[in-house]
Each structure stands twice: as structure tokens, then as C-alpha cells.
Amino acid sequence: MPRETKEATAARAKKIIAGLKRAYPDAHCELNYSNPLELLIATILSAQCTDKRVNLVTAELFRKYRSAADYAAAPAAELENAIQSTGFFRNKTKSIRAATEAILERHGGEVPRTMEELIELGGVGRKTANVVLGNAFDVNVGVVVDTHVTRLSQRLGFTRQKGAEKIETDLMPLIPQDQWTIFSHLLIWHGRRRCYARNPDCLNCEIRPLCPRVGLPKPLAGSP
């Protein structure tokens with residue numbers, strides 16, 4: 001088969017977004033938060049951890065620590081104990097303290113609203129910044145690329161890259177900018193509910209006709 005043109009891939013991507021919106025009309029960030037600081041902390045904790053576990057931890061954490069000053073002033077051992085079950089708790093504590101100290105010192109205690117300022121906080125990378133900007137501030141400056149977005153973007157033939165930033169670079173021209181945040185949510189929801197890492201449920205997939213199933217066995221068992 002001839003390789004798909006960029007224009008054809010972009011057109012297919014729009015159809016995939018429409019199909020996933022029909023399948024998951026309520027797709028959203030599954031981390032619990034009520035303000036930008038809470039989302040920043042929750043996203044830091046979500047590295048190598050499920051959203052469900054993070055939400056269990058933050059239910060108590062957010063009651064105890066309500067401002068950047070609260071986190072910055074907390075003894076490291078106290079924070080480590082509070083977030084231990086999310087894994088990598090020492091590194092996450094360092095990230096939380098670095099970010100909240102910078103928010104206090106440089107931003108008057110308020111989470112900044114630009115990519116440049118967020119990634120300069122310390123402990124905050126591009127993925128975390130994209131999550132905060134897209135969900136807390138409704139600003140689309142990039143595409144969140146997590147394990148689900150990585151896997152599905154490859155299977156859907158949107159990228160051949162493996163690194164998150166290179167995948168993001170491939171996705172941004174394909175997806176309309178005002179859809180960048182919801183696009184990530186849709187792929188994450190589909191990845192958790194249908195397009196699993198192992199044994200994806202292709203037979204019941206809502207976007208099956210649009211998916212080239214890159215990297216999966218062919219032909220699809222049970223296909224007509």
C-alpha cells in the first residue's frame with residue numbers, strides 16, 4: 001500500500017476525533033482537582049502511578065495543604081509519607097517542593113499560565129505543563145503525550161516516533177489546535193477502555209475502520 005499523505009492522515013485524524021467524541025462524550029481529565037495548584041500537584045504525583053491511586057492520596061493531601069506556601073513549608077519527610085503510595089515519592093517530593101518554592105518566589109503564590117514559566121519552575125516538564133495549561137487554564141499550547149497517547153498514536157499511524165516530545169511534534173500539525181487537549185483525553189479514555197496495551201478489543205472498537213492497527217497482528221481475528 002502507498003504511504004498515506006499528511007493531508008489524508010489529518011483528514012483521518014478528524015474522523016477519529018469525531019468517532020471518539022461519540023464514544024466518550026464526557027471524556028475529561030480523570031485526576032481530581034479544584035484549582036490549578038491542585039492539578040499541578042496531582043499531575044506530578046501521576047508519574048508512573050494510576051489516576052485512581054493519585055485521587056485516593058490527594059483526597060487527604062488537598063485538605064491538609066491548600067497553598068503553595070503550605071507545600072513549600074512542609075518538612076520533606078512529612079510530604080514523603082503523605083504521598084508514599086504513589087511511588088517514587090522522594091523524587092516527587094523534591095519536584096513538589098521545587099515547584100511550589102518557585103511559585104512563591106517568582107509568581108506571588110499563583111501557578112503561572114505559560115509553558116515557558118511552568119517548565120522553569122523546577123520539577124515540571126512539558127507533559128505536566130501541558131496538562132495544567134490545557135485543563136486548568138483552557139490553553140492549548142501542546143499535546144499531552146502519556147503512555148496511552150504514545151501507544152494509540154503509533155497504532156493509529158500518526159507517528160513512528162517513540163519519544164514523547166517527538167510524538168507531540170508529529171501530532172500537533174495533524175490535530176486542530178483547539179482540539180489538542182480533548183484529543184489527549186479521548187486517546188487516554190480509549191486506551192483505558194478499549195485499546196489496551198495487551199489484547200486490545202479491536203472487534204468492538206468504535207474507530208476500527210479508521211485504524212491501520214500498526215504493530216498489531218493481521219488479519220484481525222473475527223473480521224468479515
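Among contacts (heavy atoms within 4.5 Å) linking residues at least 6 apart in sequence, 57% join residues at least 24 apart. This is a predicted model, so-called local features need pLDDT of at least 70, side-chain atom pairs count only at pLDDT 80 or more, and totals for chains, interfaces and linings use all residues. Numbering starts from 1 along each chain as its sequence is written, and side-chain values use heavy atoms, with hydrogens and water left out.

**Fold and dimensions**
- You get 11 helices and 0 strands here, taken as DSSP runs (H or I, at least four residues, for helices; E, at least two, for strands) numbered from the N terminus.
- The C-alpha trace spans about 60 × 30 × 30 Å along its principal axes.

**Burial and surface**
- Buried residues (under 20% relative accessible area, 1.4 Å probe, protein chains only) make up 48% of the 224.
- The chain exposes about 11900 Å² (Shrake-Rupley, 1.4 Å probe), and carbon and sulfur atoms supply 51% of that.

**Nonpolar cores**
- A core here is a set of buried Ala, Val, Leu, Ile, Met, Phe, Trp, Tyr and Cys residues joined through side-chain atoms within 4.5 Å.
- The largest one has 36 residues, of which Leu-61 and Tyr-71 touch the most other members.
- Helices supplying at least two residues each to this core include H3 (51-64) and H6 (89-107), while H2 gives the largest share, 7 residues.
- Leaving aside neighbours within four places in sequence, Tyr-71 is in contact with residues including Leu-37, Ile-41, Leu-61 and Arg-97.
- A second, separate core of 27 residues includes Ala-10, Trp-180, Leu-186 and Trp-189.

Terms used. Buried means under 20% relative accessible area, exposed over 50%, partly exposed in between (1.4 Å probe, protein chains only).
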